[in-house]
Amino acid sequence: GRSRVKVPASTANLGPGFDTLGMALSLYAWIEMEEAAETVFYLHGDEMNGLPRDKSNLLYQVAQLVFAEAGVSVPELSISMYSEIPLTRGLGSSASAIVGALAAANALIGSPLSHAKLFDMASALEKHPDNVGASLFGGIITAVWDGEHADYIRIEPPTELEVLVVIPEFELSTSKARGVLPREVSVSDAVYNISRTSLLTAALSTGRLDLIGRAMQDRLHQPYRAPLVPGMEKLLAEAPDHGALGIALSGAGPTLLCLVDRNESRKGELEAFLKESMLAQGITARTCWLLPD
Ligand code: HSE
């Protein structure tokens, strides 16, 4: 047999919901698996260069975790992957690879593992549930992971919601962007984020787009990560004046995420503002209009 899965990219945090909120985006990776006489890899796309093509490959390793969990043995695999998701930019490329490998391996052996089980495994591999949850379930997810088990609720994205991402040309590793975070935060910053995350979750579930801008505010990670993304503070402060409902760092960055009302008339203005502000910092960035998946 052969299995084939299509997995969406994702954006994590949505501002205040650090390690909690995620949203699937209309950029994709495709993974195929087949039992083979000898393990081989077909990794397509510019982003795939430099990945290992032996059994140390993440896709192979993740597939073996599924087989072990299900109690079956499939030691040799032909694995193909094509991805249009940019690597190490904050768009969940590693989460989509993990989720794709879990789902493809599970499908290959007749889907013995539940999605809930795959979510637990994916969260453990990624160490936070936001990107993997969005890639696995689609839509907007609010997730809790206790280190072993992940719980979530999937929210259907408001139909008027469009997404504009600004993808800088440079890469930023998640571990570097997590390394700059403080070990402790004040109660007032914690309350600031809890209240906005709750408001944002409720606003997204009820279609209150008018509240998104004020809810997408954060004091837990973005202020510390701002020095890693030149121009970010200005963009966060000013994008709403150019037609964004709200703006945040996408995951650990460096990509920035704008939520935009589909009926907004200033889309061109917003796009130009974002690109020019990055360029003023010496950074070339490309913009891309996406939809929640
Ligand atoms: N929630 C994670 C972070 C997402 O912000 O570090 C990065 O993959």
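Asp130, Asn131, Val132, Gly133, Ala134, Ser135, Leu136 and Phe137 are all buried in helix α4; here a residue is buried if 20 or more other C-beta atoms lie within 10 Å of its own, exposed if 12 or fewer, and partly exposed in between, with C-beta atoms placed from the backbone. Helices (H or I, at least four residues) and strands (E, at least two) are DSSP runs, numbered from the N terminus. Everything here comes from a predicted model, in which local features need pLDDT of at least 70, side-chain atom pairs count only at pLDDT 80 or more, and totals for chains, interfaces and linings use all residues. Residues are numbered from 1 along each chain as its sequence is written.

With eight of its eight residues buried, α4 is largely enclosed by the rest of the structure. What do the buried residues of α4 pack against? They pack against β1 (2-12), β2, α2 (93-108), α3, β5 and β6, where two residues are in contact if their C-beta atoms, placed from the backbone, lie within 7 Å.

Two packed helices are described by the angle between their axes and the distance between the axes. For α3 (residues 115-126) and α4 (residues 130-137), the angle is about 150 degrees and the axes are 9 Å apart; axes are lines fitted to C-alpha atoms, for helices over the stretch in contact, and angles run from 0 to 180 degrees between N-to-C directions. The crossing of α3 and α4 is right-handed, a crossing being left-handed if the near helix is turned anticlockwise from the far one by less than a right angle, and right-handed if clockwise. On the α3 side, His115, Leu118, Phe119, Ala122, Ser123 and Glu126 meet Asn131, Val132, Gly133 and Leu136 of α4. Sorted by class, this contact has five nonpolar, four polar and one charged residues (Ala, Val, Leu, Ile, Met, Phe, Trp, Tyr, Cys and Pro count as nonpolar, Asp, Glu, Lys and Arg as charged, and the others, Gly among them, as polar).

Strand β5 (residues 140-145) is also largely enclosed by the rest of the structure, because five of its six residues are buried. Strand β2 (residues 21-35) pairs with β5 in the antiparallel sense over three bridges, and two strands pair if DSSP finds at least two bridges between them. Within that pairing, Gly22 has Ile141 of β5 as its bridge partner. β5 also pairs with β6 (residues 150-155), antiparallel and over six bridges, with Val144 opposite Asp151 in β6. β5 and β6 make a hairpin with four residues between them, and Gly147 in the turn has a positive phi of about 100 degrees.

As for the records, an unreviewed UniProt entry places "domain: GHMP kinase N-terminal" at residues 57-139. UniProt positions are given in the numbering used here, feature names are shortened, and annotations may be inferred rather than shown by experiment. Over residues 57-139 the chain is 59% helix and 8% strand, with the end C-alpha atoms 28 Å apart. Asn57 sits in the loop between β3 (40-44) and α1 (58-70) and counts as buried, with 20 other C-beta atoms within 10 Å. Leaving aside residues up to four places away in sequence, Asn57 touches Phe41, Leu51 and Pro52. The C-alpha atoms of Asn57 and Phe41 are separated by 9.1 Å, though the two are 16 residues apart along the chain.

The unreviewed UniProt entry also gives a "binding site" whose residues include Ser94 and Ser96. Which of the states, buried or partly exposed, applies to Ser94? Ser94 is partly exposed, with 18 other C-beta atoms within 10 Å, whereas Ser96 is buried, with 30. Beyond residues up to four places away in sequence, Ser96 touches Val7, Pro8, Ala9, Ala29, Ile85 and Ser135.

Further along, the UniProt annotation "domain: GHMP kinase C-terminal" (unreviewed entry) covers residues 202-266. That stretch is 31% helix and 15% strand, and its end C-alpha atoms are 26 Å apart. An open sheet of four strands runs in the order β8-β9-β7-β10, with antiparallel pairing. Its edge strands, β8 (246-249) and β10 (285-290), each pair on one side only, and the twist averages 20 degrees from one strand to the next. Inside this sheet, β7 (residues 161-168) and β9 (residues 256-261) pair over six antiparallel bridges, and Glu162 has Val260 in β9 as its bridge partner.
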